[in-house]
Amino acid sequence: MEQVPIEEILWRLDLESLCSLACVNRALHSSVLCHLRLLSSLHLPTLCPDALTLNHILGKCSGLKTLNLNCLRLQDSSLCAFLSPNLLELNLLCGSLFSHHILASIGQSCPNLRVLTLELAAQESSHAFKSNLARLLERCLCLECLCLKIRGTEVDTIGLRSIEFFIPKTIKTLKLQPVLEQDATDFINKLRVGRNVLETSDCSKSLPPTSSSFTLQRLRLVLDLISDALITTIIDSLSHLVDLDLEDRPYKDPPPHHDLTNNGLQVLGCCKHLRGLSLVRSRQNQHGMSFKRINDMGMFLLSEGCKDLESVRLCGFSKVSDAGFASILHSCQNLKQFEVRNALFLSDLAFHDLSKTQYALVEVRLLACNLITSEAVKELASFTTLEVLDFGGCKSLADSCLGTISNRPRLTALNLTGADITDSGLSVLGEVSPPLTRLCLRGCKRVTDKGVSLLLRGGGIIGKTLEALDLGHMPGISDKAIFTVAEAGIEITELCIRFCFRVTDTSLEALATKRTFQDGSKQLRRLDLYNCISLSVDGLRLLKRPLFCGLHWLGIGNTRLASKSDSLKVETWKERPWLTMCLDGCEMGCHDGWQFHGLE
């Protein structure tokens, strides 16, 4: 048998596997060290290293040009030593402990950056933020993509109020969160007349003569409000725009003269270059907010003007019916991604005869659309190009649609949250399964242990491809189903079984002992046990080494495992400092990853 060079094997391994391999012997340790020095990119978006761990990792990676890092446990001093002019792309996520001085440090040490993503926590001094941001942008004159997210408790946190900073002319992608609608309007108006654009020295020489004006192509804003005035300003000022993503989070219904209406969508129709559009009115505050002044006519005007859209995402359009959504589907012949959320009047009729169209849908998400049934799913599943189907909250889906879904050769993600499917339906999916890597069955109350067995042991390939499985809120799930997952789901690294009342310590032991490299199973990275009330405090012993050695995130809220008086929990926390143990009931990964859970 032909031998594979060790170098080729190392390039195929992730960082944790490399670290494990380095512990085997001195020869492999030396090979891994040499390999780390050759790495040009490092991606750690889920692992939350502390300063010591980061020093061990980055201290050996001297040639990095791209760094993607979860900074939840890091302070300024932990990172500054590794910033260098070699970096071209820097993505610092969940920087809850960073001060705003990190901005100036990045500008000082990384003048050649092309891509910069920063997620910072809101602080009291907006002046410090603005001055440090200005110092960053004055030095990073070749930036092409800038993403700034300031995390605060309110949407109008002081972080990005009164935007006054200048941005390099080379910027093609700009993402800001959060920002007030009036501030965003003023800022974009200044861009139109060039008052907020820095003339670059070295980088501008490579731009063609036609690029003398600001050429922003992609804009994403999270605001307090989306209005017609904002849309008009964006379209008038950014003539090269190809991707527009706007989300608002109003705390009260906007007045009629200060809201997004059909007129705003008509203005959007004038943007002929637009390829991607996302308009979202968030319902996070539970006030039932929606775009109440947009109806089918607005969608007609939009679809007539923007026929080249490839991606459409619409949330909160409560007055739009099948006719409005169908106009988008049938007018945009290049459509690949289509998402609608909280559409009260969207039904199967919007997708009638959709299979006769010529375009190739890749991703479809219909969330909390209660009138959608299996007939719409069958129509959508006729596209052989589909890779993602998300029907979360569409409760009228039944077994009859799973036969069509199971024959999609490229489907990798399927969400059936709350669907009225049964064990028989899962048997069909298990027999002729697509190459699914993510499957959500949350709230499918008619599915039992038998259904999980038929899914993973039905003769299809899903047991060998599935990486993430959600069985939460399912009363028919017990230890038997978890045994099946542990034995047959060899690729599963994320498992959610929250609110599964019949799951006991026996299941936890099966998951802890079965996941080993020796039998080919991958280790669990994330496990959600929230409100599994049959678990006992004795289950904490299973969290000690060497069991669950690959675990990054564990949700144990509202279980006996969360007992604050138990010393075993404290020992586990000290033994695994980069393991996040969530006691608060957060979803997998703690919402957007910003929750910092420490000992109380």
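This is a predicted model: local features need pLDDT of at least 70, side-chain atom pairs count only at pLDDT 80 or more; totals for chains, interfaces and linings use all residues.
Residues are numbered from 1 along each chain as its sequence is written. Local features need pLDDT of at least 70, side-chain atom pairs count only at pLDDT 80 or more, and totals for chains, interfaces and linings use all residues, while side-chain values use heavy atoms, with hydrogens and water left out.

Start with the strands. Helices (H or I, at least four residues) and strands (E, at least two) are DSSP runs, numbered from the N terminus. Strand β5 covers residues 145-151. Six of its seven residues are buried, where buried means under 20% relative accessible area, exposed over 50%, and partly exposed in between (1.4 Å probe, protein chains only). So strand β5 is mostly covered. Two strands pair if DSSP finds at least two bridges between them. Strand β4 (residues 115-121) runs parallel to β5, and seven bridges join them.

Now the helix pairs. Two packed helices are described by the angle between their axes and the distance between the axes. Axes are lines fitted to C-alpha atoms, for helices over the stretch in contact, and angles run from 0 to 180 degrees between N-to-C directions.

Take helix α2 (residues 15-22) and helix α3 (residues 26-38). They pack at about 145°, with axes 8 Å apart. Contact means heavy atoms within 4.5 Å. L15, L18, L21 and A22 in α2 meet L28, H29, V32, H35 and L36 in α3. By class, this contact of α2 with α3 has seven nonpolar, two polar and no charged residues. Ala, Val, Leu, Ile, Met, Phe, Trp, Tyr, Cys and Pro count as nonpolar, Asp, Glu, Lys and Arg as charged, and the others, Gly among them, as polar.

Next come helix α6 (residues 101-109) and helix α7 (residues 126-139). Their angle is about 10° and their axes lie 7 Å apart. α6 and α7 are therefore roughly parallel to each other. Angles under 35 degrees count as roughly parallel, over 145 as roughly antiparallel, 65 to 115 as roughly perpendicular and the rest as oblique. On the α6 side, H101, L103, A104, I106, G107 and Q108 take part, and they meet F129, N132, L133, R135, L136 and R139 in α7. The residues of this contact divide into six nonpolar, four polar and two charged.

Helix α8 (residues 181-192) packs with helix α9 (residues 228-237) at about 20°, with axes 9 Å apart. That angle makes α8 roughly parallel to α9. E181, A184, T185, I188, N189 and R192 in α8 meet A229, L230, T233, I234, D236 and S237 in α9. Five of the contact residues are nonpolar, four polar and three charged.

S227 sits in the loop between β9 (218-223) and α9. Its relative accessibility is 2%, so S227 counts as buried. Beyond neighbours within four places in sequence, S227 is in contact with E181, H258, D259 and L260. T261 is 34 residues from S227 along the chain, with 7.7 Å between their C-alpha atoms.

N342 lies in the loop between β13 (337-341) and β14 (363-367). N342 counts as buried because its relative accessibility is 17%. Leaving aside neighbours within four places in sequence, N342 touches R283, C315, L367, A368 and C369.
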